[in-house]
Structure formats: structure tokens, C-alpha cells
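Colleague: I would like to learn how to read a model like this one. Please take me through it feature by feature.

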Amino acid sequence: ASKSAVTTAAAAVPSNTASVSWTVAEVLSQDEYYCESAAEQRYRLEPRVARNLAGLLSQGATVPFIARYRRDQTRDAPTEVLRQVKERYEELMEVTELVKKTVKKIEKVQSSGGGSGGAGLAPSLLQALRSCTRPQQVAYLAASEPLISKKSADSGGATLAQRARQQGLEAPALALLRGECSSLGSVDEQRLAGMRHIVADAVAKDSEVLAELEWLCTLYAPFLCSQRSRLANKLLTGDKSRQKQQQQQSLSAPDAARLVRDAQKLGQYGEQFRCNVKHLRAHQILKINRFEAKKLLTVKLEFPEQVYKLYCLHLHRRFLSANRPDNVAEFLRSAFKDGYDRLLLPFMTRQARATLTRFAEEEALRVFADNLRHLLLQSPVRGCQIAGWDPGYRHGCKLAVIDASGGVVATETLHINGGQQRQAAACAALVGLYKRSGGFRYIAIGDGQGKRESMQFVSACLPSLPGGVRYALVSEDGASVYSASDLAVKELPNVDIAHRGAVSIARRLQDPLAELAKLDARHLGVGMYQHDISEKALERRALAVQQEVISFAGVDLNYAPEHLLAHVAGLNRGLATRIAAWRRSNGAFVCRDQLREVRGIGPAIFDQCAGFVRVLPPAPASGDHSVPDQHQEEPMDIDDCSQPLPAPPPPAAAKGGKRKRTTDDGPDTAGGKRVKRSAVSYRPNPLDATCVHPESYAAAERLLARLGLRSDAPNLSTVCHQFLEQSAANADYSDDDRRLLELLAGAGPTSAEAGQPGAPLFLDGVTDVASLSAGQSVAGVIKNVAEFGAFCDIGCACSALLHVSRYPRDPAGRSRLHLGARFIAVIDSVDPAKEEIRLRDMQFS
């Protein structure tokens, strides 16, 4: 929080008040959020927008719902900013509860005779607690007021200030600090030391002092210094005590060898590294933290001398008047120095390191989220059979051919390692698989161990396969985890576990969004230093991105499998299971409003999810679909059900054309109970196939009538898109009209603010690293984007690197790189021995 937010506490607060001194809207409006499209990539909320967001989040609104249907209240704030605001809101709620618990705990201990002697919670401590906006700040203040009993205080378990308070020195010490007493009197050295500790402790807890130091540290940033630890020196020099050191740390031989390799990678960070924290990059911070955790680096922070000087000047102005006796002034100066050296300097170091780590983790999470979003939005390959190839050495390469709807057609295992005779037999088996399965157009090769040999083998066999078969390299991260999961057993009960990974690889090429949504996003390998980030934070961000992408893309309520429904905003796995059970028992949904019949979906949940589910016209029996977003060409069934859902019965000849639902009971397989069908009449609504929320149906109908359109027009989306283009220069259209036209045209705000989805790179031959040379032009696709550079697939077994300094940028200075983007670039340098390729002059194709 900014300095102003920290110093808003009242001067005197009753000790029984545990609420914080700030409002959520105030803090949200004072914070800065990362936004790539904003000036200097910093985004701040207007106070009105912050109040609106605080209210929406307190009501349980999801980020996709706010981003699409509450744009008038957020002034079209980007989705990435809304996600950060939601995370900050949750942190502030955590701080509020933490402050309440801390105050109650301290007061409970003090009332029982422990703590500060039972005198009640000090107003200065309460004021500082109520001003906290970060959990780390609360933890520091709680640690400075030990929650101990009188027995442990007498036995030496308290702090120096706590022991001095037990001797009754708090009143005279604070009187000296406030100027209420102008003389030390006849105080012995021991009692004087105790009073010094109390003054130092009071200064270190003072909210104004903490705010002043926070401000000073932003003006005069500290320097981070690192060097090799003793352990690293022993590992690198081969010291004789190295084996003894390994035994003391209980390291096995492989772990010790891995530690030696890590020590050899310290690079500049082990050679008296010194850098201002303002210039540190996120990947540097994460790398330093990793080596420090392995005890290979010794890290410290050096604060500029100006911080201490201005700290003393601040305290002198507050507490040292001109008429203070010299001995009192000297006593207070020594207490101020003691408080800085012993209490504040370690606190500032912890705060600075925590801030650096938080910044680095947030940047890594941002990179991970951006890559994951583009990975999920990659263009699907529709309307043909695809062979999935899971590389392997000892147990052979596993192949699985899937049809256009994702069903498994045939499987095979090929052993491609060995002599020419064995490779010829494997090639013949591949040709046999092609004929037995009825042919396939593409081969999706996993990019794991053995990909180089697999690419070379497939490239050599392509001339033997008719029909112009090509191959593409596909990420296989998480495929082995999926193979052994309960979902894989449910979807592929008759497929051997060894071939399920190949099925997953093929489906990732056929429909990335539907297939990758089944996996734990932490296993997809599209981030930066993922293993150095909190698993909880990584999982929370992954779920948020999956929810945004799937919700914005939209799902067909009648055909979407449970794992996709579970990621829709407002829904979860339990509700997704109930929806699937309801439609198995009652047939297809007729309209969105019928979703209210599902047990557990009340008005609040319906409002959150209704705009992200579709009720489309019945699909052809041979092509059930899962996610009908704009870039899908053909539907595909990736559910475990091979038969389409029963179509709803034709409307009865009732008055008004409505169809009455019977009151027969149907089984509810989710809960083991029988669900009673509603007697409410439902009828299809063409707007259920659009992005328009049910709350805006009346407004949408009025707008369409004004434009001379019907909601059931077959080309409604195209016509509305034309009107939308005209509305920019037409004053007759209000902001609400334009937002409705966007939703009717299917162009509402989506997490594809990220750009066009990338297409896979299909190849018919392998490019050898040795055949490349500097200055040569190559085509490729971006596989992963990190803070320091982008890893690119140019048809080689190894990836090429485009350094961040070589990024193509738009006129505003922003980079336009994202995972899946196709490009043409020039090779800057090649090292065949290390298999390192560097690119430059990238242009998007």
C-alpha cells in the first residue's frame, strides 16, 4: 500500500476495536496493476470503479462475468487487471480476518496476565495493526508482541522489551519518548538498558515510522549482494570434507551430484554479484532464491546510508526538542539506533525480499497465464483423422489413431531403434496402421524424450504413406499424468494405459481447448520457473485462466462434457456432474432458463453462468460438439458418451406454442435420488445461442426491433457485426447498444485480448542443426514465452531462442509475441555442438 494508506489510522482507537482503518475500495484504487496495453504497463482504478468492483466481488461475482456483463461499472477494465484486482481483494479479506484474530489473541493473552503485563493492547500497536494491508505486515507486528505466558517471560523466553516491561519500565521509558519527563534521574545502567529497549520497540512499531521507511526505501532502493556459500566452494573445489558435508546433509549420491551441477551454474551470482533491486528482473530473483534455498548462495541486502540518516532526521523532528537535556537526547539517539539496527533493519530486509519475491512470482504467474491462454486458444485441426505419436526408447513408440470426433480407431506400438531391418519393419507397421485405420492426414508427435529419433523416422517414412501425410510437434507435458487419471479410465476404458498418452497427444492437435482443460495446468510446461512458485498460487492462476478461456469461448449446454462445464464461471465439478446427470435423465435442455431446475443452481449461480452456456440447435448425430467458439470449424465429441443426447420432444399443440414438461420422475445418478420434473412451460429462445445474458434479453429484443432484425435470423451474427462497425460513427447508438451489438455479433470481450489463436507448424522433413547457418531465413512457431526470451520451433529437434532484446515491437514499444504465433526470422548464430540457435529480425506470417 502507498504511504497515505498506511497512515490513515486514527490517533486514538478503543482497544476493543478490531476492524481495519481502511476500506477495500480505498486500497484497490491506490494500488497499481500490470496491464500490457496501458501506459508504462501500469493501470490504476478510478475510485468509482474500485467501489463497484469491491461491491461485485463481495457478492461473489466472477472475473468473466464482470469482464463481459458489467463493463459499464468497470469502464472496460482489461480482464488481466480484473483478475489481479480479485486476487488483491481476496488478500485484503485475509488481512482483515488476520488482524481480528491477532488482536483477539493478544488481548486474550494480556488479560490472562501474560504479554505486556495485562495492561491492555497498546494504542500504537493497535493503530499499526489496523493500518496493515499485507499479511506480512501483520505477521511482523504480531511477532514483535510475543504471545507468551508470564512463566515463559520469567524464564527468558520474551524479547528484550518484553522483559523490561515485566520490570515496570514501560511508563518511564514512554514518558521520556513523548517528552513528558525531561530528566533521567538516578537510573542505574541495567534499568537504563531496559528503557532503551522499550523505546526502540515502540519506535519500531510506530505506523508513521514504518510508513516513512517504506517511502525512503522506494527513494533509495537497497542493493542485493550474493556470493558463493561455503558449501558451494567445497563442492566446486573438491574439498576432502565434501563427503562429510554430504553425510551431514543426508544427501544421496544422485542428489549430491545434482548439487554439484547446480553449483557450476551459479554464474555471475556467485562472483560478488551486486545489483540495485530496481534493476533486477523476475527470472534473476527466482534463480537467486532457488540457489539460496539450496544453500549455494549467501544473499544479503545493503541499504543506502541516506535511509538511516533520513530515518534519524524524522525521529529527531518528532521526539527531540531543543530544550532536551544532553543525556536524554543521547539516550534517545542510542535507542533510535538500537531500534534501527536490531529491529527495523531485519524487518526492512524481510519486507524487501518478500516484495522482490512477490514481484518475481507475479511476473512468472503472468507469463504462465499468458502462455496458458494462448495454448488453450490454439486453432484446432478439424474434419480428419489424426495419429498421435508418444515417443519412447525401451518400450517403443506408442501410436493411436483418432477419428474426426475424437474416438479411438486403432493403436500400435513401433520399435524404431536398432538396425535397418528393425526400422524397415517399423515403417511397414506404420503403413499397415495407416491402411487399417482408413488413413490419417496428420501425425502429432510428442515433444518428449525421443522426439528427435521419432521426427527423423517419420520424415523417412512419409514417402511410403499415401495422401500427403505431414507431422507436427505437439507438447506432451501432462500426457502421462492424464493416462493414469480417473478421467482417462472413464473416457478410454478399453484403451491400454500405454496408448492413452498417444490419444491425448492426438486430441491436443485436434481440439487443444477441450483436451488441455482435462489436465492440471501446472503440468503443461508453458511457464517460467514454475517449480519456484507457490503451488497454491500457480493452481489458482491456472484455474482462473481456464475459467476465463472456456467461459468466453462458451460451451454447449447439451453436449459439453463435465470437465468443461466445471470450468464455466459460476459452476464447479459438483454442479457439472448434476447438469450431466439431469440431461441424461431428462433429455436435452430447451433453453437456458431450464438450467434453474438442476439441483444446486440458485439465482446467484444462474446469473454467473447463464451467459457462458449456449443452447444451440440440435447438432448432426455424427458430429457432437463440445465448445462452439468462433475458431472451431466442425463439432467434435470428446465426451465419454458415444451416443448423442436424446433430442427434446416436439412442442405440444398448446396455446402460445409452449411445451409443457411432464411431472414424471427421472433418476438422478449424481445423488442417487429421483428428480421431479418441473411443470413449468419452456420454449426455445434464439438468444440462448448468443453471448447475450438473459437479464438483457428484453433490451436485445428492443434493439433488434429498432434495427429491423429478428432474433431467429440465420445470419444474425454477421448482420450485427456490420451494424457494430457502423455504430462507431453513429451518435444514435448508446454505449449499451454497442455492448449488446458486440454480444449479438459474438465479439464480446474475451481473454483472446491476447490475439489470434496460433496454428500448428506442419512439417514434412527434419531440419538438421548442422545444416543451418547465420543469416539464413527460417519459418516457425513460438512454443513458449519467458521474461528473458521466446523459445521457437523451427523444425529442429532443439528449440531456437529469440532474446527479449530482439523482440519485434509495435509503435508504442510493446512486444507482440505470444505462444502459437507463426513467424519468419533470421538465424543470428548457431552452435551445433551445444545445439543452440539464436534468432533475430522476426516477422509474423
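Colleague: What should I know before reading any values?

Modeller: This is a predicted model, where local features need pLDDT of at least 70, side-chain atom pairs count only at pLDDT 80 or more, and totals for chains, interfaces and linings use all residues. Residues are numbered from 1 along each chain as its sequence is written, and side-chain values use heavy atoms, with hydrogens and water left out.

Colleague: How many helices and strands are in the protein chain?

Modeller: Both are DSSP runs numbered from the N terminus: helices are H or I, at least four residues, and strands are E, at least two. Here the protein chain has 32 helices and 22 strands.

Colleague: What share of the residues is buried?

Modeller: Buried means under 20% relative accessible area, exposed over 50%, partly exposed in between, with a 1.4 Å probe and protein chains only. Of the 845 residues in the protein chain, 52% are buried.

Colleague: How do I read a sheet?

Modeller: Strands of a sheet pair through backbone hydrogen bonds, either parallel or antiparallel. Two strands count as paired if DSSP finds at least two bridges between them. Strands β6 (residues 386–390) and β7 (residues 397–402) pair in the antiparallel sense over five bridges. A387 stands opposite V401 in β7.

Colleague: What kinds of residue line the largest cavity?

Modeller: Nonpolar means Ala, Val, Leu, Ile, Met, Phe, Trp, Tyr, Cys and Pro; charged means Asp, Glu, Lys and Arg; the others, Gly among them, are polar. The lining divides into five nonpolar, one polar and three charged residues.

Colleague: Why does D841 count as partly exposed?

Modeller: Because its relative accessibility is 44%. D841 lies in strand β22 (residues 836–844). Leaving out residues up to four places away in sequence, D841 touches I824, A825 and V826. D841 and V826 are 15 residues apart in sequence and 5.8 Å apart in space, C-alpha to C-alpha.

Conventions: Contact = heavy atoms within 4.5 Å.
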